[in-house]
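Look over the sequence and the structure first, then read the points below.

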There are 2 protein chains.
Amino acid sequence: MHRGASPGRKELRVDTAVEAVGLIAGALTTSAFVPQAWKTWRTRSAGDFSLALLVLLVVGNTLWLGYGVMKGSTGLVVANLVTVPLTAAILCVKLRRG
Amino acid sequence: MHRGASPGRKELRVDTAVEAVGLIAGALTTSAFVPQAWKTWRTRSAGDFSLALLVLLVVGNTLWLGYGVMKGSTGLVVANLVTVPLTAAILCVKLRRG
């Protein structure tokens with residue numbers, strides 16, 4: 001395997017790139033619920049949503065939040081502090097309007 | 001701080017409990033999209049979904065899948081091998097039916 005002059009630095013760049021993919025992934029899947037909650041709150045319509053999806057997301061994301069707190073993972077805590085209230089808001093519209 | 005007779009074992013139990021919370025959280029947020037994809041595919045109706053939600057989830061979950069592969073995380077790979085096709089199916093209905 002060919003190695004450049006700075007293999008340590010090269011590996012660090014690969015590691016940084018991999019972690020960047022994870023950060024971008026987290027930013028996308030977390031921010032995804034912002035336009036959705038806005039649309040649902042504005043239209044007061046959630047008929048196309050499965051009740052199971054919303055209940056499972058609210059409970060699941062709350063558990064992710066607890067897991068993040070216990071593991072001391074800032075990323076998990078921040079992501080789920082965003083998604084829990086947003087999915088809960090969509091669930092509220094679903095429960096009131098069906 | 002009070003310590004019982006087997007602190008090592010107690011800590012192991014706490015660690016196991018914390019990891020169990022993470023596994024349950026992952027199972028819930030992954031399986032959440034199964035009833036949703038089934039409902040959307042059956043009704044062919046996705047008007048209440050924000051296009052941004054679906055695009056961001058498909059792209060974001062695909063990046064999570066890639067991140068899981070690069071990190072060698074079986075949990076991330078399995079979870080996103082489930083959610084990517086399910087969210088893509090909902091996106092297909094949204095694009096065709098609005």
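**Salt bridges and the contact between the chains**

Over all chains, a search of the whole structure finds two salt bridges, a salt bridge being a side-chain nitrogen of Lys or Arg within 4 Å of a carboxyl oxygen of Asp or Glu. This is a predicted model, in which local features need pLDDT of at least 70 and side-chain atom pairs count only at pLDDT 80 or more, while totals for chains, interfaces and linings use all residues. Residues are numbered from 1 along each chain as its sequence is written, chains are lettered from A and ligands numbered from 1 in the order in which they are written, and side-chain values use heavy atoms, with hydrogens and water left out.

**Charged pairs**
- Glu19(A) and Lys71(B) meet through their side chains in a salt bridge, at 2.6 Å from N to O.
- Glu19(A) lies in helix H1 (residues 7-31) of chain A and Lys71(B) in helix H3 of chain B, so this pair joins two chains; helices are DSSP runs of H or I with at least four residues, and strands are runs of E with at least two, numbered from the N terminus.
- Lys71(A) forms a salt bridge with Glu19(B), and the closest N and O atoms are 2.6 Å apart.

**The side of chain B that touches chain A**
- Helix H1 (7-31), helix H2 (33-43) and helix H3 (51-71) of chain B each give two or more residues to this side.
- H3(B) provides the largest share, 12 residues.
- By class, this side has 19 nonpolar, 11 polar and five charged residues; Ala, Val, Leu, Ile, Met, Phe, Trp, Tyr, Cys and Pro count as nonpolar, Asp, Glu, Lys and Arg as charged, and the others, Gly among them, as polar.

**Symmetry and extent of the contact**
- Chain B is superposed on chain A by a rotation of 180° with 0.0 Å of shift along its axis (RMSD 0.0 Å), using least squares on the C-alpha atoms of residues with pLDDT of at least 70 in both.
- The two copies are thus related as by a two-fold rotation axis.
- The same surface serves both copies, since 100% of the contact residues of chain B recur in chain A; contact means heavy atoms within 4.5 Å.
- Chain B and chain A give 35 residues each to the contact.

**Record**
- UniProt, in an unreviewed entry, lists residues 50-70 and 76-95 of chain A as "transmembrane region"; positions follow the numbering used here, feature names are shortened, and annotations may be inferred rather than shown by experiment.
- Residues 76-95 of chain A are 100% helix and 0% strand.
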